[in-house]
Amino acid sequence: MIVIRDLFKSFGSQPVLSGVSLTIPSGQTIAIVGPSGTGKSVLLKILTGLIEADAGEVLIDGQSMTEAKNGQMRRQICSQMGMLFQGAALLDSLTVYENVAFPLLQRRELSAAQVREQSLRRLNDVGLKGSEGAMPGEISIGMRKRVGLARALVTNPSVMLFDEPNTGLDPKTGQEIYELIKATQKASGITAIVVSHEIPEVFQVCDRVAMLYKGVVQEEGPVESFLASVNPVVRQFIDGRTTGPIQMV
Amino acid sequence: MDGLVKFLEIVGTRFINWLTGVGDAWIFIFKVILKALTPPYRLGLIVQQLYVIGVQSLAVVALVGLFTGAVLAVQAEYTLSKFGASAFTGSAVALSLIRELGPVLTALMVNGRAGSAMTAELGIMKITEQVDALRSMAVDPIRYLMVPRVIAGVISVPLLTAIFNIVGISGGYIVGVHTLDLSSGTFMTQIYQSVSDVDVISGFIKSVAFGFCVSWISCYKGWTCGFGAVGVNRATTSAVVTASVVILVLDYFLTSILTQVFL
């Protein structure tokens, strides 16, 4: 379960999050949508401890990320989480296989044979059997995202964070990534947050939707009630109109 | 008056920014040292960086060493012959290399070849979220990325300096004996008689300090790299220029101190 309470974050004099509160029950997936530049990725980075919040609290399965006083505590919470970055963020000095095996090797909990078995299984799950030896620079962005997904899932995390999972992908590859996310949800029942500005595509992988705009949650609820919202900000975003209360950043 | 105030404001702001950067760089290296001294130790990564910084710099360092030694022999013989002392050419070449040129030129070459690459690689890792990815996988990026590079820099530069000195003296010997018609025996005897342990130790201390500074500055600039290609470009240029200046300034102070200490 993820609990976000009254989260505030500013960069200089520019407020990005101005009191965000959300609760994501275990096993559920929430999509955080909103126009570009509204702090969706910042929110994810606060959840993983990559950025410190100015105020507020984040609880991951009962453990407070915002109260984690040292790197050790933060890393302990992070070890239960997996994250798919916008650009996959593969370590480009390592091969595809080495990237996937990397988190397991760093933990030093499994034997070499177990690491190999789990990594190859995850690569197989994302349809990349046979690409183990390729370097990240040699494969397409769609394949890189699959590798990023395999790497995030290889440690069997209880919480998954997806930052714009299909940005920069063609519709077919984007859909394939969503199918993989759905398969993961079905197989392991993870709690997940999907950050995206691509609607309605993102609705197929989430139970609930929250819209972030001007640093606050404008609307939050099940997909059906979100789509039926009369909030003018939400309506403009759903309808894709250029006129309305949403101002271009 | 307004112009003067504005000027002082700009100068003051730049000075504060510079001072903040220096403080930040010290905090950074203290973290690196602290993590280098505490387990887990990542020997595999250190060996990997020894290869990148040390082995891959070997050819260029040897080439520069060879020609530096050769030029030194020509210049030393020319100058010493004016005083009828060309027999001391071997001493001049060896002492110049071991005490001064070996550590300085090796550090400058490593800075240009490996230091710039280090900054660019770390900078790109930062802007493409690879550093964030490490953190999200509960891996400490300072321990994983910085510690092996700084340790490898400290080990590589003295070893490369030793190779630079040997190749440089060989270059001086080849030119001195085969081109300038100096006696082979005199050349080698003069080196043997004039070079002492103190010269080697002071050169070694300098090369360790330079290796530390090159890897520290290169890692720090990559770590604090700005956004996009421009950010990487600026960080890399700044790393090479800063480290080069630091090497030359530090060289003066170390030479002064070591000369006093070993007198």
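Modeller: On a 1 Å grid over the protein atoms alone, a cavity is a set of points where a 1.4 Å probe fits but cannot get out, a pocket is an open set with protein on both sides within 12 Å along at least five of seven lines, and lining residues have an atom within 4 Å of a point. This is a predicted model, in which local features need pLDDT of at least 70 and side-chain atom pairs count only at pLDDT 80 or more, while totals for chains, interfaces and linings use all residues. Residues are numbered from 1 along each chain as its sequence is written, chains are lettered from A in the order in which they are written, and side-chain values use heavy atoms, without hydrogens and water.

Colleague: Which residues line the largest cavity?

Modeller: Chain A contributes A:C78, A:M81, A:G82, A:M83, A:P103, A:R107, A:R151, A:A152 and A:T155 to that lining, and chain B contributes B:S136 and B:M137. The space inside is about 90 Å³, a volume being the space filled by probe spheres set on grid points joined across faces, edges and corners.

Colleague: Which elements are involved there?

Modeller: β6 (81-84), α3 (96-107) and α5 of chain A give two or more residues each; β6(A) has the largest share, 3 residues. Helices (H or I, at least four residues) and strands (E, at least two) are DSSP runs, numbered from the N terminus.

Colleague: What is the volume of the second largest cavity, and what lines it?

Modeller: Its volume is about 40 Å³. Among its lining residues are B:I53, B:V110, B:M118, B:G153 and B:V214. α4(B) gives the most, with 4 residues. The lining has 6 nonpolar, 4 polar and no charged residues; Ala, Val, Leu, Ile, Met, Phe, Trp, Tyr, Cys and Pro count as nonpolar, Asp, Glu, Lys and Arg as charged, and the others, Gly among them, as polar.

Colleague: What is the secondary structure of chain B?

Modeller: Chain B has 9 helices and 0 strands, and its C-alpha trace spans about 65 × 60 × 35 Å along its principal axes.

Colleague: At what angle do α2(B) and α6(B) cross?

Modeller: They cross at roughly 50 degrees, and their axes come within 8 Å. Axes are lines fitted to C-alpha atoms, for helices over the stretch in contact, with angles from 0 to 180 degrees between N-to-C directions. α2(B) is therefore oblique to α6(B); under 35 degrees counts as roughly parallel, over 145 as roughly antiparallel, 65 to 115 as roughly perpendicular and the rest as oblique. In contact (heavy atoms within 4.5 Å) are B:L45, B:I46 and B:I53, among others, from α2(B), and residues including B:Y144, B:P148 and B:L160 from α6(B).

Colleague: How do α5(A) and α6(A) pack?

Modeller: Their angle is about 15 degrees, with the axes 10 Å apart, so α5(A) is roughly parallel to α6(A). A:L149 and A:L153 are among the α5(A) residues that meet α6(A), where A:I177 and A:L180 are among the partners.
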